[in-house]
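Student: Could you take me through one part of this protein in close detail, and tell me how far the model can be trusted there?

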Amino acid sequence: MQEELIAPMFRIILSFILLTTTMARALTIVGYDSATNDRFSSGYPGNPVANASVSFLGAGYDLSGVGWNPADSSQSFAMISDQYFVYSNHSGPGSSLDFYSPTQGTVVSYGVSATTYQFSYNGQTSDFAVGRLTTALNPADGIANYAVLNLPTIQDYAGLHVLMYGHGVSSPVLGANVVDAYGAYDFNGDTIADNYGIGYSYHSNQPGDSMLEGGDSSSPTFAVVNGKLVLIGTHSGTTTIGGIPYSIDTFIPTYFDQMTAQGIDFTAVPEPARGLLLLLGACALLRRRHRGRRE
């Protein structure tokens with residue numbers, strides 16, 4: 001069983017992640033290919049043209065709800081409602097966010113409110129935060145927002161195939177990975193576990209594997225449920241365990257109670273059938289081969 005193979009890694013991540021976490025920045029993808037991985041084929045950020053390749057990992061999924069900071073287009077942020085978005089506390093937004101409107105066929109801009117929503121873990125300030133647009137998204141712009149995947153237990157996320165969104169050379173990119181770690185970690189460097197995260201190992205000899213690097217902080221990680229993208233986390237940091245690099249997201253469901261208490265509008269997706277938690281078949285096959293080599 002896959003869960004039996006990865007269960008020991010969970011115990012390791014709990015022991016070592018707080019000692020080795022670093023800020024996350026640009027997405028590395030083994031065997032990167034523009035047609036497969038770039039969200040836009042040209043023109044980003046001012047006049048982006050959507051990638052229409054059938055080989056694109058995001059083909060058939062609505063990425064319009066991921067906007068970017070026009071002052072620093074390496075920063076991306078995912079909407080969780082028509083006005084709220086999620087991000088990493090150490091990499092906050094500027095005064096506005098730009099989105100590609102699929103209905104207008106152009107970039108639309110929205111102001112960002114000075115109001116921010118901070119969260120805590122273990123009594124400490126967390127690396128997870130929520131921002132708010134000054135006005136709600138205009139339905140005429142056709143911009144999506146994303147539910148957050150809420151499975152019954154953290155163990156149910158083990159082996160889940162995901163799409164990692166990040167910064168690229170000329171466009172934001174999508175890469176693939178699999179959940180194989182989770183646990184509390186120290187982001188602030190004071191040996192106190194102040195975050196709860198979910199992790200993805202990286203193997204440079206595995207085609208399609210992805211790893212966070214410079215420029216990726218705050219960008220989202222998605223799973224797919226019923227053919228739609230759903231959020232899991234926002235990029236927070238990286239670590240190395242037993243010589244294997246790991247990318248770490250802040251795990252959004254950890255903060256549901258605090259989000260509700262602060263009146264933040266969001267939707268949680270309950271557990272679907274496991275067969276629905278799939279990405280593209282080719283991506284899944286790549287990851288199965290990867291797990292086979294680790295066996």
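**A close look at one loop serine**

Tutor: S171 sits in the loop that runs between β12 (161–166) and β13 (173–178), where strands are DSSP runs of E with at least two residues, numbered from the N terminus. This is a predicted model, in which local features need a pLDDT of at least 70 and side-chain atom pairs count only at pLDDT 80 or more, while totals for chains, interfaces and linings use all residues. Residues are numbered from 1 along each chain as its sequence is written, and side-chain values use heavy atoms, with hydrogens and water left out.

S171 counts as buried because its relative accessibility is 1%, buried meaning under 20% relative accessible area, exposed over 50% and partly exposed in between, with a 1.4 Å probe and protein chains only. The side chain of S171 comes to 2.9 Å from the backbone nitrogen of F40, and this is a polar contact, that is, a pair of N or O atoms within 3.5 Å in which, within protein, one must be able to donate a hydrogen and the other to accept it, residues adjacent in sequence counting only if both atoms are side-chain atoms. Setting aside residues up to four places away in sequence, S171 touches D38, R39, F40 and Y44, a contact being heavy atoms within 4.5 Å.

As for confidence, the protein chain averages a pLDDT of 85, and 83% of the residues score at least 70, pLDDT being the predictor's confidence in each residue, from 0 to 100. Over residues 271–295, by comparison, the pLDDT is below 50, and this stretch has 58 contacts in the model beyond near neighbours in sequence.

Terms used: Helices (H or I, at least four residues) and strands (E, at least two) are DSSP runs, numbered from the N terminus.
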